[in-house]
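User: I'd like to learn how to read the features of a model like this one. Could you take me through it step by step?

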Amino acid sequence: MKKNFNINLFGTLYNIDEDAYNLLDSYLKSMQRYFSRKEGGEEIADDIEHRVAELLWQQSEAGMTAVDINVVKGIIDTIGRAENIAGDEACTTGHEDNFKERFTQFAEDAGRYACDSYDKGKRHIKTHRLYRCVDDKVLGGVCSGLAVYFGAGEPVIWRLGAVLLTILGIGFPLPVVYIVLWLVIPEALTPEDKLRQRGMEITPDNLVQQVKNDSQPVVVQKKGNGCLKTILVILLFGLLLPLIFVFLFWMKAMSTLMMLVSSY
C-alpha cells in the first residue's frame with residue numbers, strides 16, 4: 001500500500017502518493033544541481049519550481065484530488081529535462097529568453113483567466129435572476145436581493161457599506177439609486193422566483209425544498225436591523241427633502257416666468 005504525503009508548494013497543499021513524491025523530488029533536485037553551475041541558475045531553478053506549482057494548481061482546478069506518478073510525468077514532459085530547457089550557452093547569456101518565456105506564459109495565463117471570468121459571468125447572468133428579497137428586508141429588500149444574487153457577503157454588510165459610503169459622501173447618489181432599484185426590481189414572491197434568484201434549477205425536488213424553507217418561521221428583524229432601518233430612513237428623507245424643495249422652487253420659478261412672459 002502506497003503512502004500519501006501532503007506537500008506545500010507556494011502556499012497550496014497537495015496530496016501526493018509516495019512514487020509521485022519521489023519522482024517529483026528527484027526531478028526538482030536534478031534541476032537545482034544542473035542550473036547551480038550556471039550563471040543565474042538559481043533564478044531558473046526557482047522559475048521551474050513555480051511552473052511545477054502552477055501546473056499542479058491547474059490540474060487541481062480541473063478536478064484532480066491527489067497527485068499520482070502519471071501527473072508528475074506529465075508535468076516533467078511539459079517542462080522538459082534540464083538539457084532540453086537550456087544548453088550551456090543559453091544559461092550563461094543573461095535572462096532575456098527566460099523573461100520572454102515568463103512574459104508569454106503570463107500573457108497566456110491572463111488570457112485564460114479573462115476568458116474563464118467572462119464565461120463564469122455569462123453563465124451567472126444566464127442562470128440567475130435579480131429580485132428583491134422579501135424574507136430579509138429592512139426597507140425594500142434591495143441590498144438583501146443583491147447579496148443573494150451575487151452570493152457575496154451578508155445583506156447587513158451591503159447595508160452598512162451603503163450607509164457608510166453615503167455618510168462619507170463617496171456614495172452620495174446611492175439613496176437615489178436605491179429608490180430606483182426599489183421601483184424597478186421585482187420581489188421574489190414565488191418559490192420559482194427564489195430558486196431563479198440563487199441560480200438553481202426549477203425541479204420538483206428543489207421546489208419542494210423551497211416550499212419547506214418558506215414554511216419555516218423566519219426572523220426578519222435581525223439584531224441591529226432596527227437601528228440600521230432608522231439610519232437608512234433618515235438618509236433617504238434627508239436627501240429626498242432637499243430635492244423636493246428644489247423641484248417645487250423650480251416649478252414656482254417656471255410658473256412665475258410664464259406669467260411674466262404672457263403679460264407682455
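**Reading the model**

Analyst: Happy to. By the cavity rule, the count comes to one cavity of 30 Å³ or more. A cavity is a set of points on a 1 Å grid over the protein atoms alone where a 1.4 Å probe fits but cannot get out. Grid points are joined across faces, edges and corners, and a volume is the space filled by probe spheres set on the points. This is a predicted model, where local features need pLDDT of at least 70 and side-chain atom pairs count only at pLDDT 80 or more, while totals for chains, interfaces and linings use all residues. Residues are numbered from 1 along each chain as its sequence is written, and side-chain values use heavy atoms, with hydrogens and water left out.

User: What is the idea behind a probe, and which residues lie nearest the centre of the largest cavity?

Analyst: Rolling a probe the size of a water molecule over the atoms shows where empty space is left. Here the largest cavity holds about 40 Å³ of space. Its lining has 10 residues, and Val138, Gly141, Cys143, Arg159 and Tyr178 lie nearest the centre. A lining residue has an atom within 4 Å of a point. Helix 6 (residues 142–150) gives the largest share of this lining, three residues. By class, the lining has six nonpolar, two polar and two charged residues. In that scheme Ala, Val, Leu, Ile, Met, Phe, Trp, Tyr, Cys and Pro count as nonpolar, Asp, Glu, Lys and Arg as charged, and the others, Gly among them, as polar.

User: How many helices and strands does the protein have?

Analyst: There are 11 helices and two strands, in the order β-β-α-α-α-α-α-α-α-α-α-α-α along the sequence. Both kinds of element are DSSP runs numbered from the N terminus: helices are H or I with at least four residues, strands are E with at least two.

User: Next, the nonpolar cores. Which residues touch the most other members of the largest one?

Analyst: In soluble globular proteins, nonpolar side chains tend to be buried together. A nonpolar core is a set of buried Ala, Val, Leu, Ile, Met, Phe, Trp, Tyr and Cys residues joined through side-chain atoms within 4.5 Å. Buried means under 20% relative accessible area, exposed over 50%, and partly exposed in between (1.4 Å probe, protein chains only). In this model the largest nonpolar core has 24 residues, and Tyr27, Val52, Leu56 and Val67 touch the most other members. Strand 1 (4–9), strand 2 (12–17), helix 1 (18–36), helix 2 (41–61) and helix 3 (69–79) each supply at least two residues of this core. Helix 1 provides the largest share of this core, seven residues. Apart from it lies another core, of six residues, including Val138, Cys143, Leu146 and Tyr178.

User: What does Val52 touch?

Analyst: Not counting residues up to four places away in sequence, Val52 touches Leu9, Leu24, Tyr27, Leu28, Ile75 and Ile79. Contact means heavy atoms within 4.5 Å. Across the protein, among contacts between residues at least 6 apart in sequence, 60% join residues at least 24 apart. Buried residues make up 27% of the 264 residues.

User: And how many salt bridges does a search of the whole structure find?

Analyst: Side chains of opposite charge can pair when their charged atoms come close. The search finds four salt bridges, each being a side-chain nitrogen of Lys or Arg within 4 Å of a carboxyl oxygen of Asp or Glu. One joins Lys29 to Asp25, with the closest N and O atoms 3.1 Å apart. Lys29 and Asp25 are four residues apart in helix 1, so about one helical turn separates them. Lys29 is partly exposed at 42% relative accessibility, and Asp25 is partly exposed at 27%. Another joins Arg51 to Glu54, where the closest N and O atoms are 3.0 Å apart. Arg51 and Glu54 lie three residues apart in helix 2, about one turn of the helix.

User: Which parts of the chain does the pair of Glu187 and Arg132 link?

Analyst: Glu187 forms a salt bridge with Arg132, with the closest N and O atoms 3.4 Å apart. This pair links distant parts of the chain, 55 residues apart: Glu187 is in the loop between helix 8 (174–184) and helix 9 (191–197), and Arg132 is in the loop between helix 5 (96–127) and helix 6. Glu187 is partly exposed at 25%, whereas Arg132 is buried at 10%.

User: Is Ser144 buried or exposed?

Analyst: Ser144, in helix 6, is buried at 1% relative accessibility. Leaving aside neighbours within four places in sequence, Ser144 is in contact with Cys133, Asp136, Lys137, Pro155 and Arg159.

Methods
On a 1 Å grid over the protein atoms alone, a cavity is a set of points where a 1.4 Å probe fits but cannot get out, and a pocket is an open set with protein on both sides within 12 Å along at least five of seven lines; lining residues have an atom within 4 Å of a point.
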